[in-house]
Every structure is written in structure tokens, then in C-alpha cells.
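These are my notebook entries on one model.

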Amino acid sequence: MTIRPNAIEVSALDKWYGNFHVLKNIALSVAAGERIVVCGPSGSGKSTLIRCINRLEEHQQGRISVNGIALNDSVKNLDAIRREVGMVFQHFNLFPHLTVKENCALPQILSRGKRRREAEEMAMHFLGKVRIPEQADKYPGQLSGGQQQRVAIARALCMTPKVMLFDEPTSALDPEMVKEVLDTMVTLAEEGMTMIVVTHEMGFARKVADRVVFMEAGQVIEVNEPQAFFDAPKHDSTRRFLANIM
Ligand code: ADP
Ligand code: MG
């Protein structure tokens, strides 16, 4: 029997920005297919943590691996990890001068060497999945925020990642657009995608998360299944945080 490595393994992780100790001894294991929601006050290190997983930020101590591949100074490993990890940001980060379809197709052509036709077929497939195929020939600026974020999700999925990281994907959206993006993420979760989602959408966390992680001041304070996390938080700081956002 082969033992499947965890999708994401973080241990004894420390990171500093200059003198500022932003991540302190973080440990987090995410099994394949698991959905993790990360929450915590602004500035607690949530973005930094998930950005370390595909080395958008570099850590100084500790270990990170993705599907058993160690994130170290090997460029080969980093390339391999970036192939497995898709990321969706708060501010979509679409290319404004490219159409929706091109936004989804171009990364496949540039970093996977796909032929245009094949890349565009893939783009249309995932634009269908996020339910905006009819927007394919528009530019991002012609779309609502919710639609743009769904394009960003489709673009990430076009690279066939094994793990998806979301950094507050709905916090820049008008309230009426939050649901359409969360619904897309729920569908992805139901299909078995491994996900780490930084969000304060606690309804989503209750519905989708296998575990909720609470961070404060660079540390993981509490990790629990949603029901226990929300109904019986163990730490005062978790209770205070939940009281403030709910
Ligand atoms: P969160 O996502 O939980 O709001 P961040 O990970 O963005 O927190 O930031 C954690 C802390 O690190 C904050 O105090 C922030 O000001 C600081 N920080 C974030 N990015 C940088 C950077 N590039 N250089 C220096 N400090 C940073
Ligand atoms: Mg953040």
C-alpha cells in the first residue's frame, strides 16, 4: 500500500519581514480533498501564510511541502509546486487588456506550451463551469466584480491545479455579488478540490470547511471542525474575534 502524502504540509514555519516576526512556528497539514478556512484579525499573517505555500513570499525557517514536493531552493521543485497550486486573490488580478477568454487561455500557452486552440477550449470549459461562458469575448472592465472573480477562478482552474488557495476572494465585492462567487467555490469543494480559503464568510466556513483555522499575531491559535469552532471556541481571542464579526 502506498501512503498518499498530505496535499500541503507546513511545519515549524517562521517568517520575518525585516525585523518583524510575521509567522511564528506555524504547523498545518492539509489532506488531499480537505477544505480549510483560515480566519483571524487583519494583519495576523493569513495572506503571508498562504503566499508562502507557492513562494510568493519566502520563509526563513521550517518546512513546506505540496503533494510531497519540498519547497526549497530547487527551481525544479518550485516549478512543480506552482503547477499544483492555483491562487485566487482579493483583487482578481486579471489582465485588463485581454478578453476574458484570453485571460484564461494565455497562461496555459505561456507556461504550459499549449496550443491556442486547446487553451481556448479549456478556457471555455471552465468559463462554463463558473457559469459565464457568454462573457468570454468581453474585457474584464466590462464585467461586474463577481463576474471578474469567477473569471479569476476559471483562469486558475485552467491550469488544472490540485490545490486552490483563496485569499479573501469576496471581500472586495459588493454584497450582492458575494453569493455567486461563494456558490462557485462550494461547487469546487463538492467536486473534491483541496482548498485553503482565507475568508470571514462564516456561513461558507460552516457549510464547506472540514476545519477552521484561527490566526492571531502570526500564530495559529485554534484549529477545529466548524461546529466546535463556532459553537464552543476554546480561546478568548477566538471568542472575541467571532463576537466582532458575527
Ligand atoms: P492578513 O492577511 O492576516 O491581514 P498579512 O499576512 O497581509 O495579514 O500581514 C501580516 C503582517 O505583515 C501585517 O502586519 C502586515 O503589515 C505585514 N506585512 C505584510 N506584507 C508585508 C511586506 N511585504 N513587508 C513588510 N510587512 C508586511
Ligand atoms: Mg490578507
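Helices (H or I, at least four residues) and strands (E, at least two) are DSSP runs, numbered from the N terminus. I am working with a predicted model, in which local features need pLDDT of at least 70, side-chain atom pairs count only at pLDDT 80 or more, and totals for chains, interfaces and linings use all residues. Residues are numbered from 1 along each chain as its sequence is written, chains are lettered from A and ligands numbered from 1 in the order in which they are written, and side-chain values use heavy atoms, with hydrogens and water left out.

**Entry: β6 and β7**

I looked up the partner of V85 and found V163 in β7. The two strands, β6 and β7 (residues 163-167), run parallel and are joined by four bridges. I then checked burial, where buried means under 20% relative accessible area, exposed over 50%, and partly exposed in between (1.4 Å probe, protein chains only). In β6 (residues 85-88), V85 and M87 are buried on one side, and G86 and V88 are buried on the other, so both faces are covered. In a regular strand the side chains alternate between the two faces of the sheet.

**Entry: the open sheet**

I traced an open sheet of four strands, in the order β2-β1-β4-β5, with antiparallel pairing. Its edge strands are β2 (20-30) and β5 (69-70), each of which pairs on one side only. Between β1 (residues 8-17) and β2 I found seven bridges, and the two run antiparallel. E9 stands opposite S29 of β2.

**Entry: V198**

Is V198 buried or exposed? V198 is buried, at a relative accessible area of 1%. It belongs to strand β8 (residues 194-198). I listed its contacts (heavy atoms within 4.5 Å). Leaving out residues up to four places away in sequence, V198 touches V38, K46, I50, F166, D167, E168 and P169. One of these, E168, is 30 residues from V198 in sequence, yet their C-alpha atoms are 5.2 Å apart.

**Entry: voids**

I used a 1 Å grid over the protein atoms alone: a cavity is a set of points where a 1.4 Å probe fits but cannot get out, a pocket is an open set with protein on both sides within 12 Å along at least five of seven lines, and lining residues have an atom within 4 Å of a point. Grid points are joined across faces, edges and corners, and a volume is the space filled by probe spheres set on the points.

I found one cavity of 30 Å³ or more, and the largest cavity has a volume of about 60 Å³. K129, V130, I153, L157, T184, T187, L188 and E191 line it. Helix α6 (175-190) gives the largest share of that lining, three residues.

The largest pocket has a volume of about 620 Å³. Of its 22 lining residues, R82, V85, M87, P107 and M159 are the closest to its centre. I noted that α2 (75-84), β6, α3 (100-112) and α5 each supply at least two lining residues, with the largest share, five, from α3.

**Entry: record**

I checked UniProt, where an unreviewed entry lists residues 8-242 as "domain: ABC transporter". Its positions are given in the numbering used here, feature names are shortened, and annotations may be inferred rather than shown by experiment. In the model, the end C-alpha atoms of residues 8-242 lie 26 Å apart, and the span is 40% helix and 26% strand.

Definitions and conventions. Two strands pair if DSSP finds at least two bridges between them.
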